[in-house]
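Try each task before reading its solution.

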Amino acid sequence: MKKALCLYLALTLLLPVLSISASGTSSNMPDPSVLNGYENVCLTYTFDYYGSNDLGAHTVEDLLPYVGYYNRDGKLTDYFFDSFLFLPCVSFGPSGGSMVGSFDEPSNLVDWKAYIDDTFRKDRNVDALNTAFAQVKSELGDKSDRKAGVFFTMLYPIHTQTSFGTIDGKNLDFSNNEDRKLAIKWMIDEQLSRYRNGGYDNLDVVGFYWFEEYLFNYEYTAKDIELFKYTSDYLHSLGLKFIWIPWYRANGCDRVDELGIDVACMQPNLFWLDTPDYDRVKDSLAYSNQYGLGMEVEVDWHAFGSDDYRERYFRYLEDGMKYGAMDSVKMYYQNKKPAVYAAAQNSKEFNRRIIYDLTYKYAKGTLTQFDIDNARNGTYPQDEVKPTFALGDINCDGDIDQYDYLLVKRHYFSTRFLTIDEQARADVNKDGAIDQYDYILLKRNYFGTYVIN
């Protein structure tokens with residue numbers, strides 16, 4: 001019997017995320033396994049070159065609320081984001097060149113080097129993340145080999161830059177695609193070298209991010225497609241992943257496979273519409289599902305002081321929960337430092353703090369409609385475990401459903417650890433262990449082929 005049960009487990013756990021979306025509908029969105037199990041990528045903006053650069057310099061204290069989840073009493077209780085994307089603020093480098101694709105003021109090698117120096121500066125950014133993760137891991141008593149995933153950025157070699165700078169004795173001219181490839185390769189290699197020489201024992205480099213948010217649609221499109229494919233091939237030869245975050249229905253969204261991208265999370269861009277369209281996230285997710293994209297969650301400081309903007313943010317989480325994005329790879333935009341999630345964590349004001357708490361539950365795959373409805377009514381997610389809830393009702397929402405068996409699955413794969421009280425409710429077969437048998441019984445209960453007593 002156990003052999004048959006194990007075979008059933010193996011087949012069940014290997015099913016893609018499409019079989020367990022909260023809505024019960026299929027999903028074609030990227031499974032975390034594509035990124036080696038990492039699924040919650042926090043965008044971490046550095047290199048704010050305007051003035052002192054303080055808004056692009058993350059300290060250990062700045063990063064702790066992202067690495068760990070701190071409850072409303074300020075106690076560390078869990079991990080939060082499992083991976084971090086380092087990317088530059090939209091600013092100009094030392095030469096005056098733009099850090100984004102710019103026809104008029106393209107960046108050069110001086111700017112690229114300055115950005116990389118900033119990413120790896122002592123006690124800030126990557127170095128600070130390494131320390132912050134070690135601190136959270138120690139406080140949680142985690143003895144595993146768990147690490148924080150990191151992604152680095154490739155800046156765009158704009159074709160109007162004809163005198164980029166000298167690499168390997170050659171002054172690069174970006175009107176030539178071969179020179180653009182050399183620049184991309186140099187940027188990947190240089191950041192990997194800094195990473196490998198940094199002694200970052202608590203970090204795991206996962207891949208690189210394409211900084212431009214659309215495929216340029218002009219006479220150079222064919223050359224850009226060639227550059228995408230070259231980048232993909234080179235990263236894959238190094239065992240690394242290629243990620244992208246295009247804006248809503250941007251040119252190239254429907255051809256990520258052709259471009260060689262492993263995971264692309266499209267921006268719904270609801271948060272910045274002049275007039276709110278509360279169906280925007282749902283519509284965006286339908287498009288993402290069609291083309292195998294994930295979703296970027298988006299928020300800025302408007303959510304703190306505006307009922308409309310807070311509702312816009314709730315729609316990202318609510319529709320992401322309903323239509324499969326919550327169980328796929330997720331990327332999170334929250335502006336540059338001082339960014340929204342850390343500010344929310346430090347606040348006693350409900351309209352701020354609720355953003356931190358709901359985002360945590362969304363990241364962990366435990367957010368429910370009950371949580372969203374309560375948040376709209378001014379109530380926090382339930383923290384305290386009540387012993388009156390039934391065996392199998394792990395998240396204490398009154399139902400034994402897909403959220404409960406997802407919690408057991410995440411615990412089994414060590415992506416979200418159950419608390420002691422949650423484990424007591426998760427031990428459905430009462431054998432003292434939280435394992436595949438509990439997962440199977442919970443799932444069978446949900447589909448009506450078994451009844452938990």
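The exercises below use a predicted model.

**Exercise 1.** Find which residues of helix α8 are buried, and work out how they are arranged around the helix axis.

Solution. 
- Start with the helix. α8 covers residues 280-291 and reaches 17 Å from its first C-alpha to its last, close to the expected 16 Å.
- List the buried residues: Arg280, Val281, Ser284, Leu285, Tyr287 and Ser288.
- Look down the axis. The buried residues of α8 fall within an arc of 160 degrees, so they line one face of the helix.
- Find their partners. The buried residues pack against β10 (263-266), β11 (294-298) and α10 (307-322).
- Check what follows. Gly292 comes after α8 and has a positive phi, near 75 degrees.

**Exercise 2.** Asp404 has no salt bridge; decide what its side chain reaches.

Solution. 
- Asp404 sits in helix α14 (residues 402-412).
- Check burial and charge. Asp404 is buried, and the nearest side chain of opposite charge, Arg425, is 7.0 Å away.
- A salt bridge needs nitrogen and oxygen within 4 Å.
- Look at the backbone. The Asp404 side chain reaches the backbone nitrogen of Ile394 at 2.8 Å.

**Exercise 3.** Examine the salt bridge between Glu39 and Lys330, and say where each partner lies.

Solution. 
- Take the distance. The two side chains meet at 2.8 Å, N to O.
- Locate the partners. Glu39 is in the loop between α1 and β1, Lys330 is in strand β12, and they are 291 residues apart.
- Glu39 is buried at 5% relative accessible area. Lys330 is buried at 0%.

Methods:
Residues are numbered from 1 along each chain as its sequence is written. This is a predicted model: local features need pLDDT of at least 70, side-chain atom pairs count only at pLDDT 80 or more; totals for chains, interfaces and linings use all residues. Side-chain values use heavy atoms; hydrogens and water are left out. Helices (H or I, at least four residues) and strands (E, at least two) are DSSP runs, numbered from the N terminus. The expected span of a helix is 1.5 Å times one less than its number of residues. Buried means under 20% relative accessible area, exposed over 50%, partly exposed in between (1.4 Å probe, protein chains only). The arc is that of the directions from the helix axis to the C-beta atoms. Contact means heavy atoms within 4.5 Å. Lys and Arg count as positive and Asp and Glu as negative; His and the chain ends are not counted. A polar contact is a pair of N or O atoms within 3.5 Å; within protein, one must be able to donate a hydrogen and the other to accept it, and residues adjacent in sequence count only if both atoms are side-chain atoms.
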